[in-house]
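Subject: Structure handover

Hello,

Here is the structure I promised to pass on. Please open it first, then read my notes below.

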Amino acid sequence: MNNTDATRVLEENKKIIEGQLENIDHDDGIIGLLNDVEHLSVSDRILSVCSGVKPKSKWISTQDFPSNSQELAADTGPSGTYRMLLQSSVSSTCSSFNCSSAESDEVFSEGETTANRRNTMKRCRSWRTFLTIMQWSLQRQSSWVQLAGHQGNFRLSEGGEVLKRFSEVEAVCLQALMVDPLRSFVPQYYGSVNRGGHSYIRLEDLLSGLKNPVIMDCKMGVRTYQEEELTRAQTKPTLRADMYLKMKKADPTAPTKEENEQQGVTKWRYMQWRDCNSSSSTLGFRIEGVMMDNGTVHRDFKKALTAVQVTEALLCFTKSQLPILKSYHSRLQALGESLKESPFFKTHEVIGSSLLFVHDRTSKASIWMIDFGKTIPVPSGMELRHNVPWALGNREDGYLIGLANLSSFLGQAIDQVASRQEKNNEMETTDTNVQQDERKIESQAGLDEQAEATVNVTRGTSSKQYSQECAL
Ligand SMILES: O=P(O)(O)O[C@H]1[C@H](O)[C@@H](OP(=O)(O)O)[C@H](OP(=O)(O)O)[C@@H](OP(=O)(O)O)[C@H]1O
Ligand SMILES: Nc1ncnc2c1ncn2[C@@H]1O[C@H](COP(=O)(O)OP(=O)(O)O)[C@@H](O)[C@H]1O
C-alpha cells in the first residue's frame, strides 16, 4: 500500500470511525477494540497518526493490542492490508512506523522527567489508539464486526470465513447441526484449524457480501447460565471480582452489603442478575447489542425491557423498513417450523445462544443461530419442550418463549409501520383532494377576478383601486 492509498483509507474510514467513537458505549468498549480512547478527542484519535511522533516500540508491539490483533497482523486478505499498514510508512504527513521490536521494550529511559514521560505516554497512547482504530476500521471495511461475546475469540480468515476459538462443546453441536433440519439457520461449519498455536472453529462469515451491515444480537432463553453454575455457586462458590465490578458499574445499588464487603460475586449470581435486569427472564430473550449502518453500537440492556420497548428497538434497528421487518418475521416463522422438526433441538439445552439479525441497505435480511458454546445434550431419553418455565433439574431453557415473543413483537412492529403508512396514504389522498379543491377554487377565483377586471376596466378603474374602494 502506498502513501496515497493509506491516506485514502484513513479518509474513507474517518466518517465511520467518528460515528462509532461518538456513540460508543464506553461500558463495553466495543468489545475492547477501542479500549483506550476515552481521554482523546476524535481528531486526536484519527489524526494522531499525522502528528509526526514516532512511538516507542512497546506501544506498537502487538502485545499491547487486543489479543486477536497479533494474529490479524499475520493474516492475509483484508487484514493483510492492516499488516501492510503496520509495516509501511503511512503517509507523507505521518511518520513511518513498523512492527519490528528491534528497539528496546523499555518505554522510558532513565533520565526522563515526569513531564516528558507523561507527554511520551500520551503520544504513545495516541499511536496505540490509532492502530486500534485502524484495526477496527479495516474490519469494518471487510464487513466483519463482532458485536458481542468474548474479546479475542475471533479472527478473520480468507474466503468468507471467520475463525472462532475452538470449543469442544460448540464443535460437537455444529457437527450435529450440519445434518439437522436447522442446518439452513446455522453458519456453515468447515471443521477446525490451527493458527498461531491456537485451535479455531471455521465458520461461514454471515456478514460476507453485506454492505455496511446492520446487526442485532439477541441472546435467547429465560436464563443464560447452565444449571451446574447454580449448583457450583451453592456448593463451591468462587467469587469473581470482575463480575462484581461489572455489576456495580451498571447499577451501584445492585451488590448486597456482603458482596460489597467481599468485592466479589459468584458467576451464577452475576448471570442471574443480568437475566433479571434485562428482558431475558421475562420475555425469554434480550437484545445484547445492535450495530447500525454508520457503526453506532447500542448495548444498553436496560433500555429494552418491556414489549413496547423491544418493539420500539426493532423499529429503530430496521429504521421501520417494512420489507426488512417482513423478511425477519418470515425467517423467524421458518425457524420456528424447523425447530419443531429438529432432533437436535429436542435433545439439547440451548443456553447463551444468540439469534444474529443481519441486513443491509440493499434489503438483504436474514437471521442465524450462533454461539453453541453452552449448548449441551440432555440425558438420553429426555426431551425438552423449550416453552415452559425453568425449574432446577428440568433443564428447560425457554428458547421458544423468546422466539414466540420476538415473533410477536416483529408482527406488532409490522402492524405499526403498515398502519402508519396507511394513515400517511390517507393523508396524502386527502391532501391531494384538498389540493385539487384548492386549485379549483383558485381557478374559479381567477375567473371571477378576470370578470371583475373586465367590469372595472369598463368602469375605468384598476382592480386595486376597486379593492381600495371596497375597503372604504
Ligand atoms: O455479557 P457480560 O455481561 O459481559 O457477561 C458475560 C456473558 O454472560 C458470557 O456469556 P456468553 O458467552 O453467552 O455471552 C459469559 O461467558 P460464558 O460463555 O463463559 O458463560 C461471561 O462469563 P465468563 O466468560 O466466565 O466471564 C460473562 O462475563
Ligand atoms: N459466523 C459468524 N459470522 C459473522 N459474525 C459472527 C459469526 N459468529 C459470531 N459473530 C459475531 O461475533 C459475536 C459473538 O459471537 P459468539 O459466538 O456469541 O461469541 P462468544 O462465544 O464469544 O459469546 C456475535 O454477536 C456476532 O457479532
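Start with Lys374 and ligand 1. In this predicted model, a polar atom in the side chain of Lys374 sits 2.7 Å from an oxygen atom of ligand 1. For His150, a polar side-chain atom is 2.8 Å from an oxygen atom of ligand 1. For Arg274, an N or O atom of the side chain is 2.9 Å from an oxygen atom of ligand 1.

How much of ligand 1 does the protein cover? On its own, ligand 1 has 550 Å² of accessible area, and the protein covers 76% of that.

The shell around ligand 1 includes His150, Lys219, Arg240, Met243, Lys246 and Lys267. Tyr270, Met271, Arg274, Gly352 and Lys374 are also in it.

Which elements give two or more residues to the shell around ligand 1? They are helix 9 and helix 11. Helix 11 gives the most, with four residues.

Now look at how those two helices pack. Helix 9 covers residues 241–250, and helix 11 covers residues 267–276. Their axes come within 9 Å and cross at roughly 25°. The crossing angle is under 35 degrees, so helix 9 counts as roughly parallel to helix 11. The crossing of helix 9 past helix 11 is left-handed.

Next, ligand 2. There are 20 residues around ligand 2. Which of them come nearest? They are Leu147, His150, Lys164, Glu204 and Asp217. Note that His150 is also among the residues around ligand 1.

Several contacts to ligand 2 come from the protein backbone. At Leu147, a polar backbone atom is 2.8 Å from an oxygen atom of ligand 2. At Glu204, a backbone N or O atom is 2.9 Å from a nitrogen atom of ligand 2. At Leu206, a polar backbone atom is likewise 2.9 Å from a nitrogen atom of ligand 2.

How much of ligand 2 does the protein bury? Taken alone, ligand 2 exposes 550 Å², and the protein buries 95% of that. The shell around ligand 2 holds eleven nonpolar residues, five charged and four polar.

Best wishes

Technical notes. Residues are numbered from 1 along each chain as its sequence is written. Chains are lettered from A and ligands numbered from 1 in the order in which they are written. This is a predicted model: local features need pLDDT of at least 70, side-chain atom pairs count only at pLDDT 80 or more; totals for chains, interfaces and linings use all residues. Side-chain values use heavy atoms; hydrogens and water are left out. A residue is near a molecule or strand if one of its heavy atoms lies within 4 Å of it. A polar contact is a pair of N or O atoms within 3.5 Å; within protein, one must be able to donate a hydrogen and the other to accept it, and residues adjacent in sequence count only if both atoms are side-chain atoms. Accessible areas come from the Shrake-Rupley method with a 1.4 Å probe; for residues, only the protein chains shown count as cover. Ala, Val, Leu, Ile, Met, Phe, Trp, Tyr, Cys and Pro count as nonpolar, Asp, Glu, Lys and Arg as charged, and the others, Gly among them, as polar. Axes are lines fitted to C-alpha atoms, for helices over the stretch in contact, and angles run from 0 to 180 degrees between N-to-C directions. Angles under 35 degrees count as roughly parallel, over 145 as roughly antiparallel, 65 to 115 as roughly perpendicular and the rest as oblique. A crossing is left-handed if the near helix is turned anticlockwise from the far one by less than a right angle, and right-handed if clockwise.
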